[in-house]
Amino acid sequence: MDALTSILPFKQYLPHKLSYDKQETFLKLFILTFAGILAFATRLFSVLRYESVIHEFDPYFNYRTTKFLTDEGFYSFHNWFDDRAWYPLGRIIGGTIYPGLMVTSAAIYHTLRWFHITIDIRNVCVFLAPLFSSFTVIVTYLLTKELKNASAGLVAACLISIVPGYISRSVAGSYDNEGIAIFCMLLTYYLWIKAIKTGSIMWSASCALAYFYMVSSWGGYVFLINLMPLHVLALMVTGHFSHRVYVAYSTVYILGTILSMQIPFVGFQPVQSSEHMLAFGTFGLCQIYSFVEYVKSKLTEAQFNALFSFALMTVGFGLGIAGLVLWASGKIAPWTGRFYALLDPSYAKNHIPIIASVSEHQPTAWSSFFFDFELLVFMFPVGIYYCFKELTDANIFIIMYGMTAIYFAGVMVRLMLVLAPVMCILSGIGISSILTTYMRNLDVNQLKKTTSSTASSQSSSRSRRGDDSSTYPRKNEIAFGVVCLMSFFLITYVFHCTWVTSEAYSSPSIVLSARTGTGSKYIFDDFREAYWWLRYNTDEDAKVMSWWDYGYQITAMANRTILVDNNTWNNTHISRVGQAMSSTEDKAYEIMRELDVDYVLVIFGGLIGYSSDDINKFLWMVRIGGSTEKGAHIKEKDYFTPQGEFRVDKDGSPILLNCLMYKLSYYRFGETYTEQDKPPGYDRTRSVEIGNKNFELEKLEEAYTTEHWLVRIYKVKKEENRGQS
Amino acid sequence: MARLSIICIGLILFVTVWSSSLNIEGSSKRVLVLLDNLAIRETHSFYFKQLRDREFDLTYKSSDDSNLQLVKYGEYIYDHIILFAPGTKEFGGRLDAEILTQFVDAGGNVLVAGSHIIGDAIREFAGECGIEFADDKNAVIDHLNYDVNDNGQHTLIIASPDNLLASELITGEAKKVGLPFLFRGIGMSSDSENSLLLDVLTGSSSSYTANPDEKTLTEYPTTVGKRTLLVSVLQARNNARVGFVGSLDFFSNDFFQSPIQSNDGKKSAKSGNEELAIALTDWVFKQRGVLRARNIRHYLKQDKTTPSFYTIKNDLVFNVQFDEFVHGKWMPFNGTDVQLEFVRIDPFVRTTMKNNGGQLEAQFRVPDTYGIYKFIIDYNRIGYTHLFSATQVSVHPLRHTEYERFITSAYPYYISSFSMMVGAFLLSFIVLYHRDEMPKTKVE
């Protein structure tokens, strides 16, 4: 910090009457405030470009539940049984969600109401993630300050305010759990470090509360409850374990576990499932360790050794038996698929198609690390190096966090989000350390002048360092070069981040846009068009079948009952829909009758070249459809050509060309000209002329197709009146 | 809450009688009679008189009348059609097979009579209903059961009441009386996959359909044995009824009155034709076998209120009033085999409803599985209109306040946790305020 204040060019504009301490505080406040505002502002691209609209899929569900919570109150929300989704199973919303996000929004909404600031709940939802990003900036500063010092904290705060890896999940309108969860996570870490450092129950209890907030807002809390015990274990191994750690961990674990069990969705998992066993085991180990230390201090070495080996054997044997019994009786829940996927990236792909089908559960491509972090990728190891240089309790924590997060981010794209803060923190430490080191050498003459005018303590340190730096020639030039290079990197970082934010992460997938030939923007608003059509033209209790991706949007925007949605809790039900989509029309009709389907909705991008449409997702429907007993007749290879290709032109597999999804997507598409010099029925997404052009639908009829054919809605016909099929 | 209750009320769907534009109940009796020639009016006068006695409003038209129309100002002007015009190749005016099909789909009832010649329009209409008439000039031949008045081709056959469908609603007393039927006309075959068709009267096992003029059978007969349909009916999903009779003469005065003497000498003074023809017409024109459901109510057994949703393990009562159309009036239905299902994909509850003077009632406990259920009554019996009613309700899990507050089996845990708390408190109290005497002395 002192280095920064002394060198920054606008130093002379600071109020001169203030003492140096005050100047420093002022500067810190100034930088932090600006970083916070920047974090908020840079996330507003989508609102400025489109409108205050909710993005993606999950946020629509969150928005709908938040609305319910503000309208009906907490107890109705808690007991909410949703009969519009998962027809006819229904879904207990209150018991299957993390309510933190909704409660936070509702609290903000009611607080503002109380001050007579009337604001639409939708706007609260849209701007919640940017707001919490600003808070994250502050917490990052506090955390890094605890780890290193205030200047590193400021650098980390500035870095995190614009890091794309975090922005991708927290732009305005991206109203998702992750938006607030990162804030909660960092807050918990900050308080955890505080607790470890002070050993105070007060900080530990605060940490447990922050942990509770984290549990209530995101399923990723499992990462925290494994990282903290891992930290404690590492401290034990490295001999850093102390009474402070003991107090901190025992308090956090007990309070945190009891609090986390208050969330209905979590329930008894903290004491049953294997994901939480590390925390539990470490808690036990802490007690034993402390007890052993206590006994050791009271006994002679020989006595102690005899006692120790005896106790170890009996306890080990007893634990082994108990563990076996619990495992056999199913009390220790088997590891869930998502967690397996973390440890073994190929697990989900081989075993659970529904997990593998989600693009954000795929392993991360190397390039996306650079895309999301740019400079941080290189500065991260530097930060780790500086942490290793002075290995404190807190630094061990951030190293563990960094190593685990980078592993998990490599396994699953989605967890880039967890990596982003630690990348910023460690890079902040790295950048700040480099700058501090070289800035001192920058201009010895000027430095000397400064030294003479500052307090005596500072001057003494400066002069000593001046001696150190005279060990190599041209230190001033080298320092200048390093600082320039660093500034250059930081500037490119800013440009890169802004570009990525504006180009990649600020488009709400509900509204698509493209450039026309003249360069102006062209908006495709087909999704909302279709949902509003459903809302105004179908029976209130109409059941809509679509692939699960669109479930949340349909319930939220069209207010119609749907069969499956993005809360993929029932594999068989989704599989049933997959079977319907991948069967012939007759077979599908039976399934649709069984599930009382009135309308079928498909997304089709062939006309405008929208690539994430249902045909491109179709193989997942086949896989998921075939993954249960009832769909055993659906085999993935039937949908490929003999050469193993997935193609929709006339070489495509006849089973594919006659299944329901194909027919619904391409109904009457064969009569349509899409591109010049191409035959009718030319699919622009897959760049082929479709194979099966002239067919009629027998059991369904086209009800609505949007302007760009992006969404097509079909009505399921009633059974033939005179029984003639 | 308000929204939910609206949903509940809105969900009461009747797919019974009134899903069509034609609201046919017993009181609608406008009949269009289409004839090949108006002479049929005289040769079949007994039949028509019976209909007029039953207060049917008959309008006779020649089938090639150029002013034929079923729809006027967007509304159907007839409720039923009698097609006694087998020979008509093409109808006059605005009438063809497609319009007839639409008429049926809108809920209208049609009675069709054939003869050895069948016009294309009727053939096509029959095809739409899953009935296929044999080729022109074919006739049902039975060399073992024919009337003595037969011309030698054995086409004036005697159909035994044994081959009649056992449903009093459709065939009236004809089966009970046991008089044989005189039949001279064409045979039909039905689409075996169409579950809506009923074979009312079939030929005997020795009958077949072929061209009687050809001395030897050159090809396999169109229909053989009991597969030869003489009379068949279709009840569409919208409960419109269509009757097909292979013989126009079946309804004639001659056949109604003529005594029967079969080739093997059995005699009876009168044929059963009149009985069957009238009963069949009554049925086709919805004077019989029509059911309706009304006043569907479901409520909690406990306090007789209808909540906007049910909770698992509620005891509930389901009520519905069933009426049957008998002799021109809606009377309470007295069947005791009506079942109620509580369905969520599969039926979780299936129970026979108690009939209390047309008021059907079922009581059951909601299953211990939440979800969106439907009360389904699917009453589908031969001769009755298909009565289907589905009422959607949602079944919620328990509210957070509805669980047991204290569980008996958990008392050891309650005790242990409270004793633990007391112990921890006492221990910390002692640790904090207990003063050891010994170290003091040591220090001093």
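Two strands count as paired if DSSP finds at least two bridges between them, and strands (E, at least two residues) and helices (H or I, at least four) are DSSP runs numbered from the N terminus. This is a predicted model, in which local features need pLDDT of at least 70 and side-chain atom pairs count only at pLDDT 80 or more, while totals for chains, interfaces and linings use all residues. Residues are numbered from 1 along each chain as its sequence is written, chains are lettered from A and ligands numbered from 1 in the order in which they are written, and side-chain values use heavy atoms, with hydrogens and water left out.

**Sheet**
- Strand β7 (residues 599-603) of chain A runs antiparallel to strand β11 (residues 711-716) of chain A, and 5 bridges join them; A:Y599 has A:K715 in β11(A) as its bridge partner.

- A:T66, which lies in helix α4 (residues 58-72) of chain A, is buried, with a relative accessible area of 0% (buried means under 20%, exposed over 50% and partly exposed in between, with a 1.4 Å probe and protein chains only).
- Leaving aside neighbours within four places in sequence, A:T66 is in contact (heavy atoms within 4.5 Å) with A:M102, A:S105, A:I121, A:C125 and A:Y175.
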